[in-house]
Amino acid sequence: MATGTQQKENTLLHLFAGGCGGTVGAIFTCPLEVIKTRLQSSRLALRTVYYPQVHLGTISGAGVVRPTSVTPGLFQVLKSILEKEGPKSLFRGLGPNLVGVAPSRAVYFACYSKAKEQFNGIFVPNSNLVHILSAGSAAFVTNTLMNPIWMVKTRMQLERKVRGCKQTNTLQCARHVYQTEGIRGFYRGLTASYAGISETIICFAIYESLKKYLKEAPLAASTNGTEKNSTSFFGLMAAAAISKGCASCIAYPHEVIRTRLREEGTKYKSFVQTARLVFREEGYLAFYRGLFAQLIRQIPNTAIVLSTYELIVYLLEDRTQ
């Protein structure tokens, strides 16, 4: 009975800590997520810049003006939102984000831990293959369950209303999606989310490798007590930051495609069709719009979440032993 009670307490503590960490991270990084989503959108207002171009073959040698579209940067989008829509617009989609962040973290880590147990019994325990399969399975389940919430969040972040106008709330947005597109509307962008599983797999494969290296490092073996715990904690934060940064840079294009698929009344219909259309109309650089905002938002957030998770697991295991 005592063991069962302890397991329940541990589970509740995991859920509480994950929920609190995810909630704080969601609040502080919401403005960056709104900017990132706007940069990914096809409705981004591109600036036209005119470059002089000299044609040497002409008789007069006169310059020809060549118009070129330039994508606005992070600070330009931020300035535009503040001027036209007001500071409150930087927190568009925070409602569904707060509703979804705690259960999504809970579902992901629960699935990851359970899948890891299962795959350790089939393959070489704690191998790269086990980490990859566990991360992929957890991401698949989480994306499937949470897509409706993230869909509503993206729609709200893309909504542009002049300062002073009443903005759509979460329930109104969800009702509008259901009335105009039905249940299927809540699953727009799901194929792109499945493609994004590659990011989770890359992230956890690198993270677990770095974590293994940190455990075997001479520094970890030589230090003891409080010094060892603090070194391990900051080491895990660094490992999480490196792994997330690498994974985001490699797999980022799926995020742009997902945002395009979730736009209302657009020409984007499927993952492959959207990828082809974006490449043909805007070039390959369009797949990396908002990457800088994503890295600023995700790297510290992931570092805090993963290191906090590892710290709680360590403390709970130490207490129960």
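Rings of Phe, Tyr and Trp (for Trp, its six-membered ring) are taken as a pair if their centres lie within 6.5 Å, with planes under 30 degrees apart counted as stacked, over 60 as edge-to-face and the rest as tilted. With that rule in hand, Tyr108, Tyr112, Phe204 and Tyr207 form one aromatic cluster. The structure is a predicted model, in which local features need pLDDT of at least 70 and side-chain atom pairs count only at pLDDT 80 or more, while totals for chains, interfaces and linings use all residues. Residues are numbered from 1 along each chain as its sequence is written, and side-chain values use heavy atoms, with hydrogens and water left out.

The overall fold comes next. The protein has twelve helices and two strands, where helices (H or I, at least four residues) and strands (E, at least two) are DSSP runs numbered from the N terminus. Along the sequence, these elements follow the pattern α-β-β-α-α-α-α-α-α-α-α-α-α-α. Of the 321 residues, 42% count as buried, a word that stands for under 20% relative accessible area, with exposed meaning over 50% and partly exposed in between (1.4 Å probe, protein chains only).

The buried residues of α7 are Ile197, Glu199, Thr200, Cys203, Phe204, Ala205, Tyr207, Glu208 and Lys211. Tyr207, found in helix α7, is buried with a relative accessible area of 1%. The C-alpha atoms of Tyr207 and Ala239 are separated by 5.7 Å, although these residues are 32 apart along the chain.

How many aromatic pairs does the rule give? The count comes to seven. One of them joins Tyr112 and Phe204, a tilted pair at 4.7 Å centre to centre with 50° between the planes. This pair links distant parts of the chain, with Tyr112 in helix α3 (residues 94–120) and Phe204 in helix α7, 92 residues apart. Both partners are shielded: Tyr112 counts as buried at 5% relative accessibility, and Phe204 is buried with a relative accessible area of 8%. Another pair is formed by Phe140 and Tyr194, which is stacked because the ring centres are 4.7 Å apart and the planes lie at 15°. Phe140 lies in helix α4 (residues 128–158) and Tyr194 in helix α6 (residues 190–195), so the pair ties together parts that are 54 residues apart in sequence. Here Phe140 counts as partly exposed at 44% relative accessibility, and Tyr194 also counts as partly exposed, at 27%.

On a 1 Å grid over the protein atoms alone, a cavity is a set of points where a 1.4 Å probe fits but cannot get out, and its lining residues have an atom within 4 Å of a point. Grid points are joined across faces, edges and corners, and the volume is the space filled by probe spheres set on the points. The structure holds one cavity of 30 Å³ or more, and about 950 Å³ of space lies in the largest cavity. Its lining has 42 residues, of which Arg105, Asn143, Trp150, Lys244 and Gln298 lie nearest the centre. The elements giving two or more residues to this lining are α1 (2–40), α3, α4, α7, α10 (253–262) and α12 (291–320). By class, the lining has eleven nonpolar, 21 polar and ten charged residues, where Ala, Val, Leu, Ile, Met, Phe, Trp, Tyr, Cys and Pro count as nonpolar, Asp, Glu, Lys and Arg as charged, and the others, Gly among them, as polar. Helix α10 has ten of its ten residues buried, so this helix is largely enclosed by the rest of the structure.

The structure holds zero disulfides, a disulfide being a pair of cysteine sulfur atoms within 2.5 Å. The sulfur of Cys246 is 7.1 Å from the closest cysteine sulfur, that of Cys249, which is too far for a bond. Finally, Asn126, in the loop between α3 and α4, has a phi near 55°, a positive value in a residue other than glycine. Asn126 is partly exposed, with a relative accessible area of 43%.

Note on methods. On a 1 Å grid over the protein atoms alone, a cavity is a set of points where a 1.4 Å probe fits but cannot get out, and a pocket is an open set with protein on both sides within 12 Å along at least five of seven lines; lining residues have an atom within 4 Å of a point.
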